[in-house]
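I opened this notebook page to record what I looked up in one chain, working from the whole down to single residues.

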Amino acid sequence: MELDLSPRLPKKVYGGDGGSYYAWCPEELPMLRDGNIGAAKLALEKYGLALPRYSDSSKVAYVLQGSGTAGIVLPEKEEKVIEIKKGDAIAIPFGVVAWWFNNEDTELVILFLGETHKGHKAGQFTEFYLTGSNGIFTGFSTEFVGRAWDLDETTVKKLVGSQTGNGIVKVDGSLKMPSPRKGDREGFVLNCLEAPLDVDIKDGGRVVVLNTKNLPLVGEVGFGADLVRIDGHSMCSPGFSCDSALQVTYIVGGSGRVQVVGADGKRVLETHVKAGALFIVPRFFVVSKIADSDGLSWFSIVTTPDPIFTHLAGKTSVWKALSPEVLQAAFKVVPEVEKAFRSKRTSDAIFFPPPN
């Protein structure tokens with residue numbers, strides 16, 4: 001059966017006045033299930049609160065738009081109340097309790113990418129809500145709730161019966177929500193738009209990589225992530241992950257062309273992508289992108305903490321390492337053609353500016 005790698009948009013799972021939750025479905029994007037990858041997006045309106053929940057999967061959250069507040073509670077630790085804004089990346093290990101709140105006019109949009117190999121469903125996050133109409137309180141009997149929290153029956157019924165929202169609620173504007181605390185961001189958040197660049201190619205592109213040095217919780221999450229931005233008409237050189245990692249890519253902004261080549265030299269994907277689309281590159285497949293005039297940016301996770309990539313163009317490409325005689329024989333060309341091929345792209349860049 002042929003692979004369908006076509007980029008997909010998410011489907012709305014639930015929502016209301018406070019906002020909506022969207023997810024990519026394994027039924028429409030089988031690579032999610034095959035690679036044990038989950039992908040979802042949260043969009044909160046003003047005063048929208050994503051109720052406290054924990055997940056069966058480790059994730060990286062990336063703020064696509066807006067600003068707001070997040071609460072994070074590691075096991076047996078105090079709550080961290082964190083200011084979040086566009087460009088922030090937050091690593092969230094499975095089982096960690098988190099809530100999200102938007103008190104601004106601009107919609108707050110957060111992307112979640114993660115692994116589901118320890119989850120209940122391959123390719124899909126399962127959320128466990130602490131409160132709400134589908135929260136844990138609604139499942140226990142009045143007796144169990146009363147004995148666990150030392151409450152009388154009347155109070156238990158009020159507590160459970162008042163929870164009518166499902167996943168997301170809209171908070172009364174007069175309610176004062178927790179304010180972010182100075183220092184709580186440290187070690188929990190990395191702003192990819194402000195962080196030092198790991199790659200910076202003039203008129204080509206820029207990369208910020210999330211790792212255990214700049215975001216310690218990445219080590220607990222167990223996979224890497226990066227934000228890549230390339231300029232108008234620039235190219236991200238063909239390359240592949242040589243350590244059996246999947247690349248899960250969400251288009252943050254701009255637009256451009258993508259080609260993916262798999263086994264037997266077969267082009268398995270040729271498409272035009274724009275903001276909002278998600279696609280997955282299988283293990284060892286070669287991918288390359290060319291931006292349109294408005295540039296192209298994407299946020300990716302790679303399913304290994306320290307990914308290793310082999311680039312097929314530029315000074316450090318594998319072609320530069322192979323013997324000239326081997327290339328002449330393999331391509332079946334004369335030395336002059338092999339020399340011309342090898343002498344091009346002498347920089348060590350992975351992004352190539354548009355031709356002059």
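**Basis.** I am reading a predicted model, in which local features need pLDDT of at least 70 and side-chain atom pairs count only at pLDDT 80 or more, while totals for chains, interfaces and linings use all residues. Residues are numbered from 1 along each chain as its sequence is written, and side-chain values use heavy atoms, with hydrogens and water left out.

**Whole chain.** I noted eight helices and 23 strands, taken as DSSP runs numbered from the N terminus (helices H or I, at least four residues; strands E, at least two). The C-alpha trace spans about 90 × 45 × 35 Å along its principal axes. Of the 356 residues, 46% are buried (under 20% relative accessible area, with exposed over 50% and partly exposed in between; 1.4 Å probe, protein chains only). I also looked up contacts (heavy atoms within 4.5 Å): among those between residues at least 6 apart in sequence, 73% join residues at least 24 apart.

**Record.** In an unreviewed entry, UniProt lists "domain: Cupin type-1" for residues 3–157 and 195–339; such annotations may be inferred rather than shown by experiment. For residues 3–157 I found 15% helix and 44% strand, with the end C-alpha atoms 52 Å apart.

**Tyr250.** I located Tyr250 in strand S18, residues 247–261, and it counts as buried because its relative accessibility is 4%.

**Asp88.** Is Asp88 buried or exposed? Asp88 counts as buried, because its relative accessibility is 0%, and I placed it in strand S8, residues 88–92. Its side chain makes a polar contact of 2.8 Å with the side chain of Asn191. Beyond four places in sequence, Asp88 touches residues including Ala61, Tyr62, Arg185 and Leu190.

Definitions and conventions. Polar contact = N/O pair within 3.5 Å; in protein donor to acceptor, adjacent residues only side chain to side chain.
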